[in-house]
Amino acid sequence: MHTAQPQVESFQVEDDRTGLSVEALKRAFLDNLYYVQGKFPQLATKNDYYMALAYTVRDRILQRWINTAATYTAHASRTVAYLSAEFLMGPQLGNNLINLGIEDTARQAMDELGLHLDDLLNQEEEPGLGNGGLGRLAACYQDSMATLELPAIGYGIRYEFGIFRQAIRDGWQVEHSDKWLRPGNPWELKRPEWAVPVKLGGHTETYADAEGNYRVRWIPSRVIEGVPYDTPILGYKTNTCNTLRLWSAQAPEQFDFDAFNSGDYVGAVQHKLSSENISKVLYPNDNLHQGKQLRLAQQIFFVSCSLQDMIRILKGQGLTIDQFHEKFTVQLNDTHPAVSVAELMRLLMDDHGLDWDRAWSITQKTFAYTNHTLMPEALERWPVSLFGAMLPRHLEIIYELNHRFLEELTERFPEITADKIRRLSLIEEDGGRSVRMANLACLGSFAINGVAALHTELLKKDVLRDFYELYPEKFNNKTNGITPRRFIALSNPRQTELVNHTIGDDWIRHLEQIKQLEPYANDAGFRDQWHAIKRANKRDLATYIMAKGGIVIDPDSMFDIQVKRIHEYKRQHLTALHIISLYQRLKANPGLDIPPRTILFGGKAAPGYWMAKLIIKLITSIADVVNNDPAVNDRLKVVFLENFNVKLAQHVYPAADLSEQVSMAGKEASGTGNMKFALNGALTIGTLDGANVEIREEVGAENFFLFGLTAPEVYALKASGYSPFEYYQNNPELRGILDRIAAGDFSNGDRELFKPLVENLLYSDPYLLLADYDAYIQCQNEVSDAFRDRTHWTRMSILNAARSGKFSSDRSIGQYADEVWKTRPVKIDINSTEVASESGLALSSLQ
């Protein structure tokens, strides 16, 4: 007789390191709090809780990271190496939750443990590893490469202090060190076993190798060690997890016992300190010779480390040095890494024995160059004396490259002029000899691209015209883009929820699908929801501003926002003149019918850029007058947002009504803030500059507030002899505004404070503020008229977002992959048993 067996329900307990359920996350969180942070709840701080959750999320990412590296290694996948001096990644926790698809699950897990996810998100320190658009673009591209499942490694510098932390004191920018590493960085893994030496200074000597070939040996005066720190970059709802590898500088010998024992206690650590300075701070002030030295040292440091690392990976995967360009395509993000052209030549010839012709063939097939500027002064040049003292071998290689290049030019084009040869030369002879890094990048790359359609055309016609005429096949355009994961899904959850409810959530991966929102612009109910979301976002920002600065702003006023790096060509001071115009009109006519405005600025000035700092002081001084005048401060407010960064940007973009993109036409390469604003439903007031041109084409001219001279008109006006003083004389309102600034009305009677700025505008005005002033004011009047009609404004807001699908970084990266890099997606299976140890490959070859 058989005894009946009890029915036991079958269940499986998820692994605490990989499980994605609420219960698995809770167990892992408590485990990390206890065993990693060494705390129990009664003693834990908010930072302990953040760290515990971050490690919990990182565990889930590591599973994907290791499988990704193992797959790339097993298949020797063609890989994009993205070299950038900046990676402005932003906080990682929220973005990783979004990309893992577990944000709601994590929120529930924290709720059940008596914690709030938003509190932990706010706890995270932001890595200040970038200054603005360049670094943020690099971060968006890392996200998109992983999302598109493209094998890639980002290479840069692990700045200990990064960009400075900005404070505003008495209206002036003050810089403080950005101690982002102090609370701990749970996302990175140190890889000391992959450290590499970097040579500096010294001299070279020639010799013959065993086969009698001419060779050069570099005898450095100093060697720095580069230690890599790896951060996983997870794609959105894929198993692909790429690597951001950042290099930290240290001395090979960190302590001199002989010096210490002889009583020279400072000398005992001198080499350590001088070595670590290389990765200490992002962009040291280069107004001084020492600052220039340090910036050049930073560039060769991360470039050499990265190329040596690629060679390690190449050899570890069983490939030969002749296959370097087949394994890697190296994207140069602006001119900062351009010295890599000479460094790869050095490594191939001096360290790996290749002859000149073979080394140059590999080099030219390896690099692609993205130009990010139309300002000739921003195309880096290094004095030959400085360059040769620090990099003697590289200067020899550049001289030889230049000799062969110019010789080839005269042979191919006997009619070429001496002036054109002078412009194409890698060495500038005027005003002291210097190495032209943009020319080196153009010569050493197989592809050269601008970052907006207008920018690329202007490169061809002006800044890089000579190289375009020589190598037209190299030039292409890749309009910048932004990741919708961070700048909508994470930063604007209300809008995300509405869009998901309306058209589904596939647009987060395929942003072009957001165009499906267009018909809803005519739906009154949808418009009401859209408007309510915008107002709620504005209320959140108003609450933040009140808490941080004690300024009360009206969420029903127009939020007119300009946040970007402070620079004269970006023309924040044009907006400042508009504020004074509004202020004067309201004072003269208290009953004037204009909608209330809150005008917000944010951005940092380079520490050595005095005029940019003076512009900040002008803005804050105007704010002091306007905000403290009871006759107008219920209708006009001015706020300067201190220490603008990615974390703050995630609050700002969703709250904007109006996006200020007012640079002089022909100066902004692209811009990406303009895209972030548009995707969040802000309307743009702007010139035909950078990506503004394409945004206007996409959203429709009727949904864009256009003003100002075009790039051809700018060139024509300057060529004809621009006289800003005539505009001042012929425009009474403009004259009154500048006279008030000069008279000290916004500086407590100090007539000297803003004198340099006013005189610059009156007698030089290199960025044509006065020429564009009247058109800007008239356009701002149109903005005020449009804002009065809520239905019309909301409809335009919806259409701006719905028609911004082109501006996804996924589209940009897809074009790079297909047209420049020739790379293909590689699928990652996290359930595969194929790991590095089973593939017969050494772990040291993992990329």
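Is Tyr727 buried, exposed or partly exposed? Tyr727 is partly exposed, with a relative accessible area of 31%. Here, buried means under 20% relative accessible area, exposed means over 50%, and partly exposed is in between (1.4 Å probe, protein chains only).

Before going on, a word on where this comes from. This is a predicted model, where local features need pLDDT of at least 70 and side-chain atom pairs count only at pLDDT 80 or more, while totals for chains, interfaces and linings use all residues. Residues are numbered from 1 along each chain as its sequence is written, and side-chain values use heavy atoms, with hydrogens and water left out.

**Aromatic pairs**

Tyr727 has a ring partner, Tyr722. Rings of Phe, Tyr and Trp (its six-membered ring) pair if their centres lie within 6.5 Å; planes under 30 degrees apart count as stacked, over 60 as edge-to-face and the rest as tilted. By this rule the count comes to 20 aromatic pairs. Here are two of them:

| Pair | Centre to centre | Between the planes | Kind |
|---|---|---|---|
| Tyr34 and Tyr35 | 4.8 Å | 70° | edge-to-face |
| Tyr722 and Tyr727 | 5.6 Å | 55° | tilted |

Tyr34 is exposed at 51% relative accessible area, and Tyr35 is exposed at 63%. Tyr722, on the other hand, is buried at 16%. Elsewhere, ring pairs link Tyr82, Phe87, Tyr141, Tyr816 and Trp821 into a cluster.

**Two crossing helices**

Now for some helices, which are DSSP runs (H or I, at least four residues) numbered from the N terminus. The axes of α22 (residues 572-588) and α29 (residues 732-742) come within 10 Å and cross at roughly 100°. Axes are lines fitted to C-alpha atoms, for helices over the stretch in contact, and angles run from 0 to 180 degrees between N-to-C directions. Angles of 65 to 115 degrees count as roughly perpendicular, so that is how α22 and α29 sit relative to each other.

Which residues of α22 meet α29? They are Leu577, Ile580, Ser581, Tyr583, Gln584 and Arg585, and contact means heavy atoms within 4.5 Å. On the α29 side, the partners include Leu734, Ile737 and Ile741.

**Helix α30**

In α30 (residues 755-763), the buried residues are Leu757, Val758, Leu761 and Leu762. Seen down the axis of α30, these fall within an arc of 125°, so they line one face of the helix. The arc is that of the directions from the helix axis to the C-beta atoms. The buried residues of α30 pack against several helices, among them α22 and α29. Just after α30, Asp765 takes a positive phi of about 45°.

Methods: Angles under 35 degrees count as roughly parallel, over 145 as roughly antiparallel, 65 to 115 as roughly perpendicular and the rest as oblique.
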